[in-house]
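Please look at the sequence and the model first.

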Number of protein chains: 2
Amino acid sequence: MPRIVVLRIGHRIPRDLRVTFHVALVARAFGADEVWVDQRDKDLEKRVDDVVARFGGPFSVRTGVSWKRAIREWEGRVFHLTMYGEHLDDVVQKIPEDNLLVVVGAGKVPGEVFEMADFNVAVGNQPHSEVAALAVFLDRLLKGEGIHREFSGRLRVVPSPRGKVVEDSTGAPRASP
Amino acid sequence: MPRIVVLRIGHRIPRDLRVTFHVALVARAFGADEVWVDQRDKDLEKRVDDVVARFGGPFSVRTGVSWKRAIREWEGRVFHLTMYGEHLDDVVQKIPEDNLLVVVGAGKVPGEVFEMADFNVAVGNQPHSEVAALAVFLDRLLKGEGIHREFSGRLRVVPSPRGKVVEDSTGAPRASP
């Protein structure tokens, strides 16, 4: 199985804590194996690890990663998500079965990233959100299978038309209206 | 054409400004016509209006909207996006051609919302992000056409494999590496 890693660059503390946390959760929920963040951020690591402890893995977070080195040393393809890139629909069919590093920036991205990436991909050429871009990119890439991935965690949400149904690892339902 | 409106509830100032701004941009970029926000927030309105002025509409934002009244008086279907709901794949084929109100919460959502919605829909039953959920919901609903919508704004991004190419309304390219 090819590995999918999301690389978040330009993370600023505390400004980006919530948005980068969303990026990490989306990476996990939509089928990536890891998230790497350029800026060291223990608080973010703790939050992500906490979700993995409760809802399951495998999924891991690393912070304080040199983005330049990560891109340079990556064995596989590098996709940079940007509204300036080629339209997703023109790229998605060209994506090989290979390890993928998916780069998402916060704020302005260094020009080098555009050069170093194998593909600069736009999930639509309108301004929106790196969180959304990552989710739709992974959803399309994995043909909708990402959100069917099973995790082995202590808690499992049971799909329900009304209210909240959560099972804990003993199998006991814990419903709350 | 059915109308699509995104209703953001539980918006807290200043905590949610950025995430709600992402919700608004995703609504616009993925095919909704309007975003409504429960809490009055002039700063958010200004930011969204600014994007519409530069990158085009039609798209509008309203804040200070009573969510209960908005849901009660909506002429069409109401979808509430929540990780506890029915799986998107089980719902999407049931969605009729009708006006859609798509509800996304910030933080804990009142139990009444689960009752008042026609459908509680989970874009996967894992914790992630309302920004991602909205994007993937609209992308699937509109069968990928949302991100092909044309806007008539002053600025237009020209898809490019490298760098940034933006046209202004006079047609002059403004490239920046």
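Q: Are Glu73(A) and Arg69(A) buried or exposed?
A: This is a predicted model, in which local features need pLDDT of at least 70, side-chain atom pairs count only at pLDDT 80 or more, and totals for chains, interfaces and linings use all residues. Residues are numbered from 1 along each chain as its sequence is written, chains are lettered from A and ligands numbered from 1 in the order in which they are written, and side-chain values use heavy atoms, with hydrogens and water left out. On the scale used, buried means under 20% relative accessible area, exposed over 50%, and partly exposed in between (1.4 Å probe, protein chains only). Both Glu73(A) and Arg69(A) are exposed.

Q: How far apart are the closest N and O atoms of Glu73(A) and Arg69(A)?
A: Both residues lie in helix α3 (residues 67–73) of chain A, four residues apart, about one turn of the helix. Helices (H or I, at least four residues) and strands (E, at least two) are DSSP runs, numbered from the N terminus. A salt bridge is a side-chain nitrogen of Lys or Arg within 4 Å of a carboxyl oxygen of Asp or Glu. Glu73(A) and Arg69(A) form one, with their closest N and O atoms 3.3 Å apart.

Q: How many residues apart are Glu34(B) and Arg3(B)?
A: A salt bridge joins Glu34(B) to Arg3(B), with 3.1 Å between the closest N and O atoms. The pair links distant parts of the chain: Glu34(B) is in strand β2 of chain B and Arg3(B) in the segment before β1 of chain B, and they are 31 residues apart.

Q: Which strands of chain B stand at the edges of the open sheet of six strands?
A: Two strands pair if DSSP finds at least two bridges between them. The order in chain B is β3-β2-β1-β5-β4-β6, with parallel pairing. Each edge strand has a single partner, so one side of each is left without a neighbour in the sheet; these strands are β3 (60–63) and β6 (119–122) of chain B.
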